[in-house]
Amino acid sequence: MTGILGVRRVAVIGTGVIGASWAAYFLARGLDVVAADPAPGAEDRLRADVAAHWPTLLAAGVADGASPDRLSFVGDAAEAAAAADFVQENGPEREDFKRALFARLDEAARPDVVLASSSSGMGATAIARDCAAHPERVLIGHPFNPPHVIPLVEVVPGQRTTEDVVARTLAFYTAIGKKPIRVRQELPGHIANRLQAALWREAYSLVDRGVATVADIDTAISYGPGLRWALLGPFANQHLSGGPGGIAHILEHLGPPTEAWWRDLGDPSLTPELAAKLVAGVDEALAGTDSAELAARRDALLQLLLAAKAESDLP
């Protein structure tokens, strides 16, 4: 096994929802995975999760030699990092925890090994603050959930991350079939989560104000702009909406109304009352549908969409 761009074995640190999904994906790409998680029963849960993800990955196509049997498990994160060519960390979203963990990973891993965090909102500068050996190889490699299905990875360097590490990380993610983008400034939530948060903010406000139900809003997105967003991004779609004049026409003619809409957007507070209203709305909309079954059906359709998109000329 020669590996991919010098990476043969990936250490997956933390094996919850994101870590298990990453582990399954790395295995499907024909890599060895050494996982570490101190939680009781973590190994059994990880192997069960990988087995559950495997049919979806098989349907999408796996690399020659790919197998769940190439998964090993150790109790100590440093031991996993020492044996790896690339590290993907998926621990709790607490700065104190990540700083201490990355200090240990930095001490244990070979100097050339990239230390990537799946953090959904933290910056690499803070995470690497206690790395005494090689802080220049620490960055964010934030996947979109679930990583074994969704291609996006946001690569965010910290203040001390070198360009070589950024380039190698982007190349590695690309080589294993991901769609990485480089985030050029450290911001809470990176890019995709900030865009999601903007939509959630108005969605929560509309529910809070009684404008629409949870089910109405989900329908408005999933049967409206969400269908286009799955194929092209917001700017490309806006450009197509402008006809021959493209986005320039849209900005000229719909710019002023859009600014008026911006000024009218809600500014909700996530009070216990609003949270209860959102939870009740989801429960009512899903009407007892099993979440695991719903996620499996969603992921199967996502694979079909991604396969069709890969055969098209869409960017």
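**Entry 1: aromatic residues**

I began with F172 and Y173, and I find both of them buried. The model I am reading is a predicted one. I then searched the whole structure for aromatic pairs, and the search returned 6. One of them joins F26 and F172 in a stacked arrangement, with 6.4 Å from centre to centre and 25° between the planes. I looked up where the two partners of this pair sit: F26 belongs to helix α1 (residues 17-28) and F172 to helix α6 (residues 163-175), so the pair links distant parts of the chain, 146 residues apart. I note that F26 and F172 are both buried. F172 also pairs with Y173, and I record this pair as tilted, at 6.0 Å centre to centre and 40° between the planes.

**Entry 2: a lysine over two rings**

I next examined K178. Its charged end sits over the ring of Y25, 4.3 Å from the ring's centre.

I searched the whole structure for cavities of 30 Å³ or more and found 1. I list the volume of the largest cavity as about 40 Å³. Which residues line the largest cavity? I read them as A124, T125, A128, P135, V138, G158, Q159, R160 and T161. Sorted by class, this lining has 4 nonpolar, 4 polar and 1 charged residues.

Note on methods: Residues numbered from 1 in each chain as written. Predicted model: local features only at pLDDT ≥ 70, side-chain atom pairs only at ≥ 80, totals over all residues. Heavy atoms only, no water. 1 Å grid on protein atoms, 1.4 Å probe; cavity = no way out; pocket = protein on both sides within 12 Å on 5 of 7 lines; lining within 4 Å. Points joined across faces, edges and corners; volume = space filled by probe spheres on them. Nonpolar A, V, L, I, M, F, W, Y, C, P; charged D, E, K, R; others polar. Phe/Tyr/Trp six-rings, centres within 6.5 Å; stacked < 30°, edge-to-face > 60°. Helix = DSSP H or I, 4+ residues; strand = E, 2+ residues; numbered from the N terminus. Buried < 20%, exposed > 50% of the residue type's maximum accessible area, 1.4 Å probe, protein only. Lys NZ or Arg CZ within 6 Å of the ring centre and 35° of its normal.
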